[in-house]
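Here are my notes on the side-chain contacts. Please read them with the structure open.

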Amino acid sequence: MKKKKWIYLTLVPIYAFTILFVVLPLVYMVILSFMSRAQVWGVTADFTLNNYKRILEPLYLHTFTESLKLALLSTSVIVLLGYPFGYYMAQLPAKWKQRVMLLLMIPFWTSSLMRLYGWIIIFRSNGVLDTILMKLHIIKSPLKLLYSYPAVTVGMVYALVPFMILSVYSSVEKMDWNLVEAAKDLGATGTRAFWTVTMPLTMPGLMSGVILTFIPSMGLFFIADILGGNKIVLVGSLIQEQLTKGRNLPFAAALSVVLMLLTTLLLRIYKRLFHKRKLEGLV
């Protein structure tokens, strides 16, 4: 009995932290989204749906659409790059696994802002990339990639691809390779064994990587600000603008709630797919 009481006491800090720093801020944000903006600064406790109606305006719907497009594009590229990397990384000898893991971790030791400013040096006119391509006679004039859609996409991929690699690596590392060998013994080719056995078994890692990359790419406004200038506006950029320049806290809260609902919807889809795989006995 005393042991159970001790266990319950150890859970108190976790529940207290969750309630104070997760639940209450979310509840406050939802309540704030239904309030009205004061004429000068702050909010008034007048219930309104105008904040959500305003999101349906073409300008803001376009921002959500563009954010969704960029998130889908960057996530697709991340899957194409991260899945093979994590898959083959898991099959390396132990010594090389440690080395590759170290190379993946080293960028996290540096500020992400500093790393993104490095991309400015690469992408700017007559920068590193332009110089190399012109010396190789691939291009005749600077590409002017900085402050463009491709630059933001590259920044998103660069910042988030390690999460995909590590998710896939963890899933492949735990996989039972005897099932792959059994499929080959039964006559399956390497390609067929991959799609019918390996892919379903590593799907949880792949889906986890998609969640960890798609959700942040919807709101990583600082990447769009640094590499896209004022040309690429994401939902995160819009929320920041409402908080700092517009000083419209209720509208910023409404945008955040809608973004949170989209994130929740994606998590629900992931949970449903994962549960379906579990019922089929594939994970």
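This is a predicted model: local features need pLDDT of at least 70, side-chain atom pairs count only at pLDDT 80 or more; totals for chains, interfaces and linings use all residues.

The points below take salt bridges, aromatic rings and one serine in turn.

1. Every value below is computed from it.

2. Salt bridges. The structure holds two. One joins Lys97 and Glu173, whose side chains meet at 3.0 Å, N to O. Lys97 lies in helix 4 (residues 94-105) and Glu173 in helix 7 (residues 149-173), so this bridge ties together parts 76 residues apart in sequence. Lys97 counts as buried, because its relative accessibility is 15% and the cut-off for buried is under 20%. Glu173 is partly exposed at 39%.

3. The bridge within a helix. Lys69 pairs with Glu66, with the closest N and O atoms 3.8 Å apart. Both residues sit in helix 3 (residues 58-89). They are three residues apart, so about one helical turn separates them. Lys69 is partly exposed, with a relative accessible area of 47%. Glu66 is also partly exposed, at 22%.

4. Aromatic pairs. The count comes to 13. One of them is Phe34 with Tyr52, a tilted pair with 5.2 Å centre to centre and 40 degrees between the planes. This pair links distant parts of the chain, 18 residues apart. Phe34 is in the loop between helix 1 (2-33) and strand 1, while Tyr52 is in helix 2 (residues 50-55). Phe34 is partly exposed, at 25% relative accessible area.

5. Tyr87 and Tyr88. Their ring centres are 5.1 Å apart and their planes stand at 85 degrees, so the pair is edge-to-face. Tyr88 counts as exposed, at 53%. Both belong to one aromatic cluster, together with Tyr83, Trp177, Phe194 and Trp195.

6. Charges over rings. The charged end of Arg99 sits over the ring of Trp96, 4.6 Å from the ring centre. Arg115 places its charged end over the ring of Phe108, 5.9 Å from that centre.

7. Ser36. This residue is in strand 1 (residues 36-37). Ser36 is buried, with a relative accessible area of 18%. A polar atom of the Ser36 side chain lies 3.0 Å from the backbone oxygen of Asp46. Leaving out residues up to four places away in sequence, Ser36 touches Val43, Thr44, Asp46, Thr48 and Pro250.

Conventions: Residues are numbered from 1 along each chain as its sequence is written. Side-chain values use heavy atoms; hydrogens and water are left out. Helices (H or I, at least four residues) and strands (E, at least two) are DSSP runs, numbered from the N terminus. Buried means under 20% relative accessible area, exposed over 50%, partly exposed in between (1.4 Å probe, protein chains only). A polar contact is a pair of N or O atoms within 3.5 Å; within protein, one must be able to donate a hydrogen and the other to accept it, and residues adjacent in sequence count only if both atoms are side-chain atoms. Contact means heavy atoms within 4.5 Å. Rings of Phe, Tyr and Trp (its six-membered ring) pair if their centres lie within 6.5 Å; planes under 30 degrees apart count as stacked, over 60 as edge-to-face and the rest as tilted. A charge sits over a ring if NZ of Lys or CZ of Arg is within 6 Å of the ring centre and within 35 degrees of the ring normal. A salt bridge is a side-chain nitrogen of Lys or Arg within 4 Å of a carboxyl oxygen of Asp or Glu.
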